[in-house]
Amino acid sequence: MNKQTALIPNSMLNVRDQFPAIVGWHYLDSAATAQKPQTVIDAITKAYSRDYATVHRGVYERSAAMTDAYERSRAAAASLIGGKAHEVVFTRNATEAINLVARTLPKNGRNRVLLSHLEHHSNIVPWQLAGFEIDAVPLTQDGKIDLDAAAKMITEEHRVVAFAHVSNVLGSVLDAKRAAQIAHSKGAVLVLDGCQAVPRLPVDVAAIGADFYAFSAHKLYGPTGIGCLWGRAELLQSLPPWQGGGSMIEKVTFEETTFLDPPMRFEAGTPHIVGAVGLHAAVNWVEGLTLDAIHAHECALATEARATLSGIPGVTLYGPEDSAGIVSFNVDGVHPHDTATILDDAGVAVRAGHHCAQPLMRWLGVEATARASFAAHSDSSDIEALVRGIEQVKRVFA
Ligand SMILES: Cc1ncc(COP(=O)(O)O)c(C=O)c1O
């Protein structure tokens, strides 16, 4: 077997011990949702048990402190991806962030969006619901968005180019700077779905030249129920509100309402206050390790997993060699749900199914795949358990 062992950078040692919920378990489903380090759990507990109050409304001191914590989280999330605090809108998740752009971006007479065949449904359906016509960029042989094809396909009818920065199925990394150049060459805006990228690699929206960037806290070791939409300030300023209610208004009469500037214009109602505190703790946690180290670690694990799995007869791998920590595979003649069930018995959690990427499954010519996705806490013992489990799958279906 062609086996390599991932080198764990010093900063990544003892990371596993910080995750109380994975003791004795090989959790390889971080692309679905990340487990939480103790520091994030503690921050959430403290926010509810000691510091809790509403934000932006109370005149009492506790509320002012909570407002400050909420806004500091916004600044931290912005800085993590190279943006400014007033350019980050808190949403429920990445899905809501993409819906916000799709629903509010004026079409200016151009109603086409350029997507790719590897997009998550969250970056397809919102555009359909908002009345956009979709053109889908093909993939390269190894499963990356084919930007040469994108450059040929884009026209002045395209208002938007919207791509996943990292594929949730294949781990393929987009050349985001080039995607921005392609979008801008015809006056389109670039929307990046950064759900899988933000937890896995350093992101700099300014260096990329992106226009909008969406991600979810729960994939970044933070809580569910909160996500971020970053948008270039002048673009956000040009968008109308999309949900009405408290917190987003300047003045309300029965005749007319005027609205606050972004980001508050897009945050109607009481937000996920403690979610923001948890997100801040998660941002601090990944910044402590550094995203460079996390990226190197997960790339090494993906390389090790691919090398090992490719040595097992009857295992088919999907996606590029240089996956950013996500490895999809199938065992010949076995439905991935059966593979995942047997792996579960062996204490290994993988995802099986279409991964909310049905067009990609059609592109790969399969109904479903099994997917192992790594995180900062993963190590070679997870890969060894995965391999033992796959050998068991083969024995059961022999
Ligand atoms: C690439 C990608 N985009 C969007 C989403 C949607 O994320 P959420 O459900 O947190 O909105 C996911 C979640 O799996 C994803 O992997």
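Which residues line the largest cavity? The model shown is predicted, with local features needing pLDDT of at least 70, side-chain atom pairs counting only at pLDDT 80 or more, and totals for chains, interfaces and linings using all residues. Residues are numbered from 1 along each chain as its sequence is written, and side-chain values use heavy atoms, with hydrogens and water left out.

Legend 1. Around the ligand you will find N93, A94, T95, H120, S122, N168, D193, C195, Q196, S216, H218 and K219 (each with a heavy atom within 4 Å of the ligand). This shell divides into two nonpolar, eight polar and two charged residues. Here Ala, Val, Leu, Ile, Met, Phe, Trp, Tyr, Cys and Pro count as nonpolar, Asp, Glu, Lys and Arg as charged, and the others, Gly among them, as polar. Look for the polar contacts, pairs of N or O atoms within 3.5 Å. A ligand oxygen is 2.5 Å from a side-chain N or O atom of K219, and a ligand oxygen is 2.7 Å from a side-chain N or O atom of Q196. At A94, a polar backbone atom is 3.4 Å from an oxygen of the ligand. On its own the ligand has 390 Å² of accessible area, and the protein covers 89% of this (Shrake-Rupley method, 1.4 Å probe).

**Legend 2. The largest pocket.** This is where the ligand sits, with more than half of its atoms within 2 Å of the pocket's grid points. A pocket is an open set of points on a 1 Å grid over the protein atoms alone, with protein on both sides within 12 Å along at least five of seven lines; lining residues have an atom within 4 Å of a point. The volume is about 300 Å³, counted as the space filled by probe spheres set on the points, which are joined across faces, edges and corners. Of the 23 lining residues, T95, H120, S122, C195 and K219 are the closest to the pocket's centre. Helix α3 (residues 94-104) gives the largest share of the lining, three residues; helices are DSSP runs (H or I) of at least four residues, strands (E) of at least two, numbered from the N terminus. Overall, the lining has nine nonpolar, 10 polar and four charged residues.

**Legend 3. The largest cavity.** A cavity is a set of grid points where a 1.4 Å probe fits but cannot get out. Searching the whole structure gives two cavities of 30 Å³ or more. The largest, with a volume of about 40 Å³, is lined by S30, A34, Q196, P199, R200, K219, Y221, E298, F374 and A375. Five of these lining residues are nonpolar, two polar and three charged.

**Legend 4. The second largest cavity.** Its volume is about 30 Å³. L118, K144, I145, A164, S172, V173 and L174 form the lining, with five nonpolar, one polar and one charged.

**Legend 5. Two backbone details in loops.** The peptide bond from P262 to P263 is cis, with omega near 0°. P263 belongs to the loop between β10 (257-259) and α9 (273-289). N108, a residue other than glycine, has a positive phi, near 50°, and lies in the loop between α3 and β3 (112-116).

Technical notes
A polar contact is a pair of N or O atoms within 3.5 Å; within protein, one must be able to donate a hydrogen and the other to accept it, and residues adjacent in sequence count only if both atoms are side-chain atoms.
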